[in-house]
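Please examine the sequence and the three-dimensional structure shown below before reading further. The explanation that comes after them is intended to be read with the structure in view.

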Amino acid sequence: MFNERVINILQESFFKILIPGITHTIPLTLVSFAIGLFLAIVVALVQVSNVRILNPIVKFYVWVIRGTPLLVQIFIIFFGLPSAGIVLDSVPAAIIAFSLNVGAYASETLRAAILSVPLGQIEAGYSIGMNYFQVLRRIILPQAFKMSVPPLFNSFIGLVKDTSLAANITVTEMFMVTQRIAAKTFEPLALYCEVAVIYLIFCTVLSKVQHMAEKSLKLEQG
Amino acid sequence: MLQIKNLSKNYEDLKVLEQIDLEIESNKTTVIIGPSGSGKTTLLRCLNLLAIPDIGEIDLNGVSLTFDPNQPLQKRKILDYRKKTGMVFQSFHLFSHRTVIENIMEGPVTVLKKGKADAMAEGMALLKKVGLEDKANQYPRQLSGGQQQRVAIARALAMKPEVLLFDEPTSALDPELEIEVLEIIRALAKEHYTIVIVTHKMTFAKEVGDNIIFLENGRILKQGSYAELYHSGNERINRFLTTLQ
Ligand SMILES: Nc1ncnc2c1ncn2[C@@H]1O[C@H](COP(=O)(O)OP(=O)(O)OP(=O)(O)O)[C@@H](O)[C@H]1O
Ligand SMILES: [Mg+2]
């Protein structure tokens, strides 16, 4: 299978695939994750602080996003919303879909981490006269963020791969470009394996970053 | 003086504290004893407002709080009151993401808005008092239980509270670690801190307790000096005083 022609195709296509990876997949991931994480923090805080009115709204949001396929969400935003008069370019549409998705899942990660901060420490904070906001900022959140690092990296790595779904709405990210080359060269096996390897490289780098982050946060000793 | 008048606390249908009337003298050590489930922890938590009494009144050195189910207390008043009371818990509850000295500085810096340098200097002095200056930069998990509890005492002292509350401060400790914690509480009693301590250690209660309160089913059955309780002729109290050493 790996004859000279295939090797040539692989060599020629490598940068053709890697470049949209750098110009599309990575920025799409970073921007969506940043927005999603911000959303997640707000959603988690609304829930643990039980903010009136907002609490049922964010619960509904998490319920809908977690209960429907990401691909369907992407289609609704890009192909569906124009019928309601909202026309979005493919990249912003993808960013909105991914951010909403990360926001819902990561909010549950954060909420679980917040709830796992020992009640005794929270009461110890109150016992020295702290108010709710001080307890949240000084005791709950620092510990919750630390505990959330591994599962948040999980979401982050998941998102890198999920960005391939944006190919369905004409975003020229890595997978879209690979599909085009595969169709032209009739070498789907080699090319899809090649793009898989590139995703694997991206995710391996992220795993290393996670490892370094955990080390600097001294997460190993717990 | 800490005055408690007609204080009651229910958890749903369970009457945990019923019409407690109690005067806790300043610069004295008050010991609370009683069977498991009699409401000792709840009473202490009410004195720190970690639990809000349903009804009654608490007056700490002239500042009075009245509890009324139809009129919840202002948050401001609760926070101001808590700054004046220090609590030491059964299982320490040190902030695990902060070093020993940071644990002690937390209250002065965050709540009292003290400068970091001042808070640090005072914190180090307190650490010296509890014999742990060399542990200032360790994390709680690196300390023994007895050391953690001594840090927790220093953390409470850092707020310069008007009353110090201890809830079975040594019951989570091995006997040899217990001694070092009791040593510190004994020293604080000698320095005339106002102390309220829940304990099952009768020898210790006898030694440091200026006033001993016997709680049963959420009511004060008897109070007085150890001798007064011992000679009260109440068989339940006697058995309690003599079986638990
Ligand atoms: N947060 C709570 N919710 C419901 N019931 C509670 C709560 N806290 C305490 N109780 C109940 O109140 C009663 C008194 O509890 P408390 O912890 O004050 O007893 P205690 O005298 O400290 O006992 P021990 O010696 O075992 O520590 C118990 O029946 C307990 O189950
Ligand atoms: Mg108790």
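This is a predicted model: local features need pLDDT of at least 70, side-chain atom pairs count only at pLDDT 80 or more; totals for chains, interfaces and linings use all residues.

Residues are numbered from 1 along each chain as its sequence is written, chains are lettered from A and ligands numbered from 1 in the order in which they are written, and side-chain values use heavy atoms, with hydrogens and water left out.

Chain B contains nine helices and ten strands; helices (H or I, at least four residues) and strands (E, at least two) are DSSP runs, numbered from the N terminus. The C-alpha trace of chain B spans about 50 × 45 × 30 Å along its principal axes. For 245 residues, a compact globule would have a radius of gyration near 18 Å, and the 18 Å of chain B agrees with this. That radius is taken over C-alpha atoms, and the globule rule is 2.2 Å times the number of residues to the power 0.38.

Of the 245 residues in chain B, 55% are buried, where buried means under 20% relative accessible area, exposed over 50%, and partly exposed in between (1.4 Å probe, protein chains only). The accessible surface of chain B comes to about 11000 Å², and 48% of it belongs to carbon and sulfur atoms; these areas come from the Shrake-Rupley method with a 1.4 Å probe, and for residues only the protein chains shown count as cover. Among the contacts in chain B with a separation of 6 or more, 64% are accounted for by residues 24 or more positions apart; contact means heavy atoms within 4.5 Å.

Strands of a sheet pair through backbone hydrogen bonds, either parallel or antiparallel. Here, two strands pair if DSSP finds at least two bridges between them. One open sheet of chain B has six strands in the order β6-β7-β8-β3-β9-β10, with mixed pairing. Its edges are β6 and β10 (219–224), each with a single partner strand, so one side of each is left without a neighbour in the sheet. Neighbouring strands of this sheet are turned by 20 degrees against each other on average, direction ignored. Helix α9 (residues 235–243) of chain B packs on the sheet, where it touches β3 (29–33), β9 (211–216) and β10, and its direction makes about 115 degrees with that of β9(B). Axes are lines fitted to C-alpha atoms, for helices over the stretch in contact, and angles run from 0 to 180 degrees between N-to-C directions.

Within this sheet, is strand β7 (residues 163–167) of chain B mostly covered or mostly open? It is mostly covered, as five of its five residues are buried. B:Val163, B:Leu165 and B:Asp167 lie on one side of β7(B), and B:Leu164 and B:Phe166 lie on the other. Strand β6 (residues 85–88) of chain B runs parallel to β7(B) and is joined to it by four bridges, with B:Gly86 opposite B:Leu164. Strand β8 (residues 195–198) of chain B also pairs with β7(B) in the parallel sense over four bridges, and B:Leu165 stands opposite B:Val196. From β7(B) the chain crosses through helix α6 (residues 175–190) to β8(B), and this β-α-β crossover is right-handed. The term applies if, with the strands pointing away from the viewer, the path from the first strand over the helix to the second runs clockwise.

Strand β9(B) has six of its six residues buried, so it is largely enclosed by the rest of the structure. β3(B) pairs with β9(B) in the parallel sense over four bridges, and B:Val31 stands opposite B:Ile212. By contrast, β9(B) and β10(B) run antiparallel and are joined by five bridges. These two strands form a hairpin with two residues between them, and B:Asn217 in the turn has a positive phi of about 50 degrees.

A second topic is the open sheet of four strands in chain B, which has the order β2-β1-β4-β5 and antiparallel pairing. β2 (14–24) and β5 (63–67) stand at its edges, each with a single partner strand, so one side of each is left without a neighbour in the sheet. Neighbouring strands of this sheet are turned by 15 degrees against each other on average, direction ignored.
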